[in-house]
Amino acid sequence: MKLLPRPRLVGRDRRARRRGPNGLSLPSIILFVAVFSANAQPIVIGSKKFTESYVLGEIAKRTLNDAGISAEHRQGMGGTIILWQALRGRQIDAYPEYTGTIGQEILKTDRKLSLNEIREALTKFGVGMTEPLGFNNTYALVMRRSEAQRLGLHTISDLRNHPELKIGLTHEFLDRQDGWQPLRTRYTLPQQNVIGIDHALGYAALKNGSIDVKDAYSTDAKIAEYDLVTLEDDLQFFPRYEAVVLYRLSLPALALTALRKLEGTLDETRMIRLNAEAERTRNYEIAANLYFQGGTGSTTVAGESFWHKLRRWTLRHLELAGSSLLLAVIVGIPLGIIASRGGPSGQAILGFASVVQTIPSLALLALLVPLPFFGISVRTAIAALFLYGLLPIVRNTASGLQDISRALRESAIALGLSPMARLWKINMPMASRSILAGIKTSAVINIGTATLAALIGAGGLGEPILSGLNLNDHVTILQGAIPAALLALLVQWGFDLLDRVLIPKGLRL
Amino acid sequence: MRVCLVFSISRVVPTCRDDPGRGQCLRLQEMSALVQLVDVSKRYANAAALHSTNLAIERGKTTVLIGPSGCGKSTLLRLIIGLITPDSGTIALEGSQITPANVGALRRRIGYVIQEGGLFPHLTARANILLMARHLGKSHEEMRTRLLELCELTRFSGNLLSRYPIELSGGQRQRVSLMRALMLAPELLLLDEPLGALDPLVRASLQKELKEIFARLRQTTLFVTHDLAEAAYFGDEIVLMNEGRIVQQGSLVDLREKPANDFVSEFINSQRALAFT
């Protein structure tokens with residue numbers, strides 16, 4: 001079950017703080033409970049839906065296994081609330097968490113709590129907390145190392161003397177209650193030149209000098225990759241997000257001892273490297289191995305092969321485009337028949353289909369997601385693609401029928417054929433070329449547009465394109481873009497062949 | 001019902017078969033027409049296409065509607081087949097008035113051939129001819145026999161039957177169109193400038209054949225043309241129309257010798273001048 005796109009691969013799930021349990025409904029939480037309650041024997045480690053949590057979960061599992069304890073890792077179960085509920089409901093035994101998140105989301109307090117205060121509060125829920133693992137994954141401001149050295153900048157306060165610096169911030173950081181506005185007030189920063197930019201693109205902009213300062217998560221892999229430095233939060237503006245492991249107090253002592261071996265073993269630099277490895281190989285196990293290998297050396301790519309992934313993406317892509325096309329044909333042809341008769345209802349149908357077509361695909365997805373039946377699902381993607389596929393089919397059916405000459409239409413009437421017989425024996429076959437052309441257009445459009453389905457976690461060939469965009473990695477983008485283009489060509493050819501079967505011979509001579 | 005007649009070419013004065021009394025039948029034949037139009041008028045948008053018109057189409061005869069373009073002759077034909085409905089007046093086929101309820105059934109008793117044939121391009125010649133018979137669920141045997149008869153009647157080569165309209169010449173297409181119109185042995189055959197699009201040689205030979213066919217079938221026919229020579233050749237009765245009205249009705253001799261007004265003589269003389277100089 002994939003519920004959310006990964007807008008960035010590293011970072012805590014901060015959005016969960018505002019949006020509740022990541023759009024998951026109560027029924028699906030209950031389903032979760034039902035599915036996981038059956039499994040009680042091995043120690044179950046959970047993780048949240050982003051790279052760092054996956055990696056930490058994998059490391060915890062390995063640690064237990066190395067201590068001879070049977071353990072399994074439920075990867076990317078969702079946001080904070082889901083993991084917390086799963087822990088309290090005994091579906092998982094432990095999961096990696098951040099102190100700041102515990103304070104704000106679980107204990108719901110604005111006060112900065114000490115580690116002991118947190119631990120004490122958690123005990124009431126039957127939950128324990130390890131000592132910090134060693135790194136603090138908080139918001140940070142980063143700069144190019146060369147630039148920071150040239151200007152002699154070390155802390156956020158130092159920025160006061162350089163009003164000319166261009167600042168690029170993620171839209172989320174710009175809007176957050178603990179984001180840019182209070183930060184600027186606290187530090188009395190003078191910079192006026194502040195733009196909103198996507199996280200991954202912001203790194204590229206920082207690298208090529210379009211901006212000088214951006215927001216980051218302090219363990220982002222890009223910090224090492226692009227040779228950036230973190231400006232010290234000298235006024236302690238950002239809350240601390242120390243990584244810890246939360247566990248059920250009923251956890252066997254042996255397992256707890258094993259988990260506690262992780263305490264203090266992961267500093268920021270090391271976590272950044274593990275995240276980078278996970279992003280590079282897209283394999284959390286390999287990244288976790290790196291931890292146990294003492295943090296040196298690189299590893300080879302294993303796990304799901306490219307061809308296997310390509311197969312999975314392509315099949316899903318075809319499923320999305322195919323089922324939406326089928327729906328569009330089933331609904332579009334009757335609508336086209338009605339529209340071909342003109343009048344107010346015909347105008348209304350063509351008007352509606354045209355208006356749908358003018359809505360940008362992203363906006364259409366965004367509009368469908370909040371609706372009750374849809375949400376973040378394959379259904380939503382199919383519904384959106386269906387709506388896009390409708391216009392060419394409706395329009396071509398209508399115009400194909402309208403283009404039949406009056407003489408032929410009247411000949412059919414004069415013969416005494418019933419309206420139904422005229423439609424199916426005479427008019428539809430004569431309009432078949434136009435109708436098939438409409439279906440072909442829809443199919444090709446759908447193959448293209450289906451790449452956007454990945455935005456709402458529906459998979460398909462958009463998945464590598466989207467990850468490639470997030471990582472600013474052209475090869476990954478092409479892994480999705482090229483097969484999608486080939487697929488569109490294949491579909492086009494397929495329909496050309498279908499024309500020969502479906503269009504009556506007399507119309508092809 | 002005339003089911004027994006549906007596939008018989010040699011129709012012997014159809015009305016008499018239905019009638020018990022022979023003497024009465026003959027009288028009826030003289031008196032009653034197959035199609036009767038009473039005070040029929042039709043307007044399109046703001047122009048009158050047909051002013052209040054009375055017309056009777058005699059059984060077994062070929063009635064020719066002639067007149068310049070836009071005189072209302074095609075409107076009249078389209079009213080009879082029910083493609084358009086009259087604004088006023090009544091049209092009756094063999095005594096039954098054409099209404100929206102029965103128009104479908106009545107159409108099957110009328111054959112209709114238009115200038116370009118009106119053949120459906122996605123169907124072979126055979127499928128075009130058999131379309132309606134198949135729709136009505138006629139037996140294969142019945143259809144095969146009838147198709148052979150029609151091919152012989154219209155001198156259409158049987159091995160062309162599996163061709164599509166686009167693979168046939170203009171003359172062949174009109175033969176197929178005629179076969180389609182005659183398939184169910186209609187009581188009335190409507191022809192709307194059926195030879196208008198053909199070259200003169202093909203046209204001349206088809207005129208001859210058509211006339212023979214009508215005579216052989218004793219087919220009641222309403223033939224629309226704007227060609228006086230064609231009208232004279234086919235017409236037992238000629239109906240001259242102008243500006244939505246019937247100007248004069250009778251034989252060609254009547255029209256030539258006793259023209260009702262200047263338009264009639266002008267029309268006849270203009271066309272004769274073209275035809276014979």
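Of the 277 residues in chain B, 39% count as buried, a residue being buried if 20 or more other C-beta atoms, placed from the backbone, lie within 10 Å of its own, exposed if 12 or fewer do, and partly exposed in between. The model is predicted: local features need pLDDT of at least 70, side-chain atom pairs count only at pLDDT 80 or more, and totals for chains, interfaces and linings use all residues. Residues are numbered from 1 along each chain as its sequence is written, while chains are lettered from A and ligands numbered from 1 in the order in which they are written.

**Chain B and its interface with chain A**

- Chain B holds eleven helices and ten strands; these elements are DSSP runs numbered from the N terminus, with helices being H or I of at least four residues and strands being E of at least two.
- Among contacts in chain B between residues at least 6 apart in sequence, 68% join residues at least 24 apart, two residues being in contact if their C-beta atoms, placed from the backbone, lie within 7 Å.
- Between the chains, 19 residues of chain A are in contact with 21 residues of chain B.
- On the side of chain A that touches chain B, α19 (406-415) and α20 (419-449) of chain A each supply at least two residues.
- The largest share of that side, seven residues, comes from α19(A).

**The five-strand sheet of chain A**

- Five strands of chain A form an open sheet in the order β7-β6-β8-β5-β9, with mixed pairing; two strands pair if DSSP finds at least two bridges between them.
- β7 (194-196) and β9 (228-231) of chain A stand at the edges, each with a single partner strand, so one side of each has no neighbour in the sheet.
- From one strand to the next, the twist averages 40 degrees; axes are lines fitted to C-alpha atoms, for helices over the stretch in contact, and angles run from 0 to 180 degrees between N-to-C directions.
- Strand β5 (residues 139-144) of chain A runs antiparallel to strand β8 (residues 213-217) of chain A, and five bridges join them.
- Within β8(A), A:Asp215 is the residue opposite A:Leu141.
- Helix α10 (residues 199-207) of chain A packs on the sheet and touches β5, β6 (167-169) and β8 of chain A; the direction of α10(A) makes about 165 degrees with that of β6(A).

**Strand β10 of chain A and its partners**

- Five of the six residues of strand β10 (residues 243-248) of chain A are buried, so described as mostly covered.
- Strand β3 (residues 94-98) of chain A pairs with β10(A) in the antiparallel sense over five bridges, and A:Pro96 stands opposite A:Val245.
- Strand β4 (residues 127-129) of chain A also runs antiparallel to β10(A), joined by three bridges, with A:Gly128 and A:Tyr247 as bridge partners.

- Helix α13 (residues 268-281) of chain A has 14 residues and reaches 20 Å from its first C-alpha to its last, close to the 20 Å expected, the expected span being 1.5 Å times one less than the number of residues.
- Among the buried residues of α13(A) are A:Met271, A:Ile272 and A:Leu274.
- Just after α13(A), A:Arg282 takes a positive phi of about 50 degrees.
- The axes of α13(A) and helix α14 (residues 284-292) of chain A come within 8 Å and cross at roughly 150 degrees.
- The two helices α13(A) and α14(A) are therefore roughly antiparallel, a term for angles over 145 degrees, whereas under 35 counts as roughly parallel, 65 to 115 as roughly perpendicular and the rest as oblique.
- Residues making this contact include A:Leu274 and A:Glu277 of α13(A) and A:Tyr284 and A:Ile286 of α14(A).
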